[in-house]
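Biologist: I have a new model open and would like to go through it with you. Can you put it up?

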Amino acid sequence: MFSVLTDNWPLFRDGFWLTIRLFVVSGVLSLIIGTALGAFRVSPVPALRGFGTGYVNILRNTPLTLVFAFLFFGAAKMDLALPNPFWTAVGALTIYTSAFICEVVRSGVNTIAPGQSEAARAVGMSFVQVLTIVVLPQAFRAIIPPLMSVLIALLKNTTIAAGFSVVEAGSIPAAMSERGENQLLTLVWITIGFLILIVPLIFLQRWAERRTAVA
Amino acid sequence: MSAVLYETPGPRAKLRNRISNIVVLVVLLGAIAWLILRMYDYGQFEGRLWRQFQYSSIQRQLLDGLLNTLKAAGLAAVLAMVFGAVFAAARISDHKWIRTPATLIVELFRAVPLLILMFYFYFGNIQFGLGLGPFWAVVFGLTLYNGSVLAEIFRAGIAAVPKGQREAAYALGLRKNQVVRLVLLPQAISAMLPAIVSQLVVLLKDTALGFIITYGELLYVAKQMGGRLTYGFPYIPTYIVTAVIYIGLCSLLSLLARYLEGRSRRRRKITGAPPPLPLSQDPGQGAPV
């Protein structure tokens, strides 16, 4: 059981390291883009709202695998391919995850009592000030748990890159299969690897939930 | 549109909004025009790339792919519901020896990437020669993952029924089985229906993972079509057609979920059915695999 891991340690190490990099880079990018999209969706400008709504509705109803396929096989046909497989995978994960973060941000904004921003406006704050000083800090408290769920899903979704020959953790079984290793034991190790990555996130989520709970 | 953030605009704000609106529209249309021009420049609108969709054999292949997608999604949906119901029941059991393993199993399947779950069945089949094709790997993977999520949805729905109802039912002398079956479950299901349907959208989308383990679903068929040299590698046209099909299907389901949500919200005002889940527990939001 252990020899499967120890004999092929570099493969596991590199695979999971790439998984972590994919997760962190696309997580940060999705947070930035998703928050911007969420702001679009609550802005007073109809075109921005329309763009946000359209983006979310299209991406949330498209399989992530299809987004990957578009970027890996389709974009190259128009010379729009990203520089390498890593960034292409980051692109697909970010495009997809942003839509979910946008939804979380939007619903978080809607949890704020209107009186809060009415008071902020009454003291003369502008839209941007109301959003950044009063509404978003409170909204973040409400959205941390669902946001963590989206990020956990993102971490799991990185495995899809395996279908597009990005050598992250999800691609280890295929590589091991070529080496003639026991695939089920390989999968057990990959499962353990993902549990090691995800369980702390789940605990962090629970902790944040308790910590930020509104009394 | 959120009344939280801004007041009804006055004349100056109206003007400003209108100007920003025009600027944004120009930028957006410009971006779309650039993309279309780019597609045109790279010959993506050439008749050769689109011609194949006129042939009935190609249409039949797409239809077969779609049917395979629906077959896997339909079977997995039914199995996931059963799995979810069984494990939700186990998780609210009074016996610790039932509750604890059920909780562990549900948490485990929710934490493992779906593709890895499918790999277990796919590679397990190859290793032990079980004679289960990729179809079953897709179905079982989807069942375990979505079943676990559904178990959580069912459980949350049961927990959301006001405590007094349970107490009243026990006071009337009902058994636990009857309390759950007659009082809690009907209310939980109607309150959770939108979340359940949203989860089915997730399930339907996730069938596209079958492409990676060579199950001949819609995306798999699309990849094959896109790779045809005779039609000049029409990847973009086929993916556009595929995307339209997926978005159409999932939007229909999403609309259903939204309709159910609106209906249950209207009804709640009248009958005082259980409140919606707090944001943090709404599974429809957090499970975008």
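Biologist: How exposed is A:A81?
Modeller: A:A81 counts as partly exposed, because its relative accessibility is 41%. Buried means under 20% relative accessible area, exposed over 50% and partly exposed in between, with a 1.4 Å probe and protein chains only. Before going on, note that this is a predicted model, where local features need pLDDT of at least 70, side-chain atom pairs count only at pLDDT 80 or more, and totals for chains, interfaces and linings use all residues. Residues are numbered from 1 along each chain as its sequence is written, chains are lettered from A and ligands numbered from 1 in the order in which they are written, and side-chain values use heavy atoms, with hydrogens and water left out.

Biologist: Where is A:A81, then?
Modeller: In the loop between α4 (64-74) and α5 (85-110) of chain A. Helices here are DSSP runs of H or I with at least four residues, strands are runs of E with at least two, and both are numbered from the N terminus.

Biologist: And what is A:A81 in contact with, apart from its neighbours within four places in sequence?
Modeller: A:A75 and A:A76, where contact means heavy atoms within 4.5 Å. As for A:F70, its C-alpha is 9.7 Å from that of A:A81, and the two are 11 residues apart in sequence.

Biologist: Which residue in that loop has a positive phi?
Modeller: A:D79, which also sits in the loop between α4 and α5 of chain A. Its phi is near 55 degrees, a positive value, and it is not a glycine. Most residues other than glycine have a negative phi. A:D79 counts as exposed because its relative accessible area is 52%.

Biologist: What about B:T214, where does that lie?
Modeller: B:T214 is in the loop between α8 (176-206) and α9 (218-226) of chain B. Its phi is positive too, about 55 degrees, although B:T214 is not a glycine. With a relative accessible area of 38%, B:T214 is partly exposed.

Biologist: Back to chain A as a whole. How many helices and strands does it have?
Modeller: Chain A has 9 helices and 0 strands. Its C-alpha trace spans about 70 × 45 × 25 Å along the principal axes. Of its 215 residues, 54% count as buried. Taking contacts in chain A between residues at least 6 apart in sequence, 77% join residues at least 24 apart.

Biologist: At what angle do α7 and α9 of chain A cross?
Modeller: Roughly 175 degrees, for α7 (residues 127-157) and α9 (residues 183-212), and their axes come within 9 Å. That makes α7(A) roughly antiparallel to α9(A). Axes are lines fitted to C-alpha atoms, for helices over the stretch in contact, and angles run from 0 to 180 degrees between N-to-C directions. Angles under 35 degrees count as roughly parallel, over 145 as roughly antiparallel, 65 to 115 as roughly perpendicular and the rest as oblique.

Biologist: Which residues meet there?
Modeller: From α7(A), A:I144, A:M148 and A:I152 are among them, and from α9(A) the list includes A:L197, A:L201 and A:A208. The residues of this contact divide into 12 nonpolar, 3 polar and 3 charged. Ala, Val, Leu, Ile, Met, Phe, Trp, Tyr, Cys and Pro count as nonpolar, Asp, Glu, Lys and Arg as charged, and the others, Gly among them, as polar.

Biologist: How much area do chain A and chain B bury between them?
Modeller: About 5,700 Å², with 70% of it on carbon and sulfur atoms. Buried area is the accessible area (1.4 Å probe) that two parts lose on being put together, summed over both. A:N61, A:K77 and A:M78 supply 12% of the area that chain A buries against chain B, more than any other three residues. The contact takes 72 residues from chain A and 62 residues from chain B.

Biologist: Now chain B. Is B:N146 buried or exposed?
Modeller: Buried, because its relative accessibility is 0%. B:N146 is in helix α6 (residues 134-160) of chain B. Leaving aside neighbours within four places in sequence, its contacts are B:A80, B:Q199, B:V202 and B:L203.
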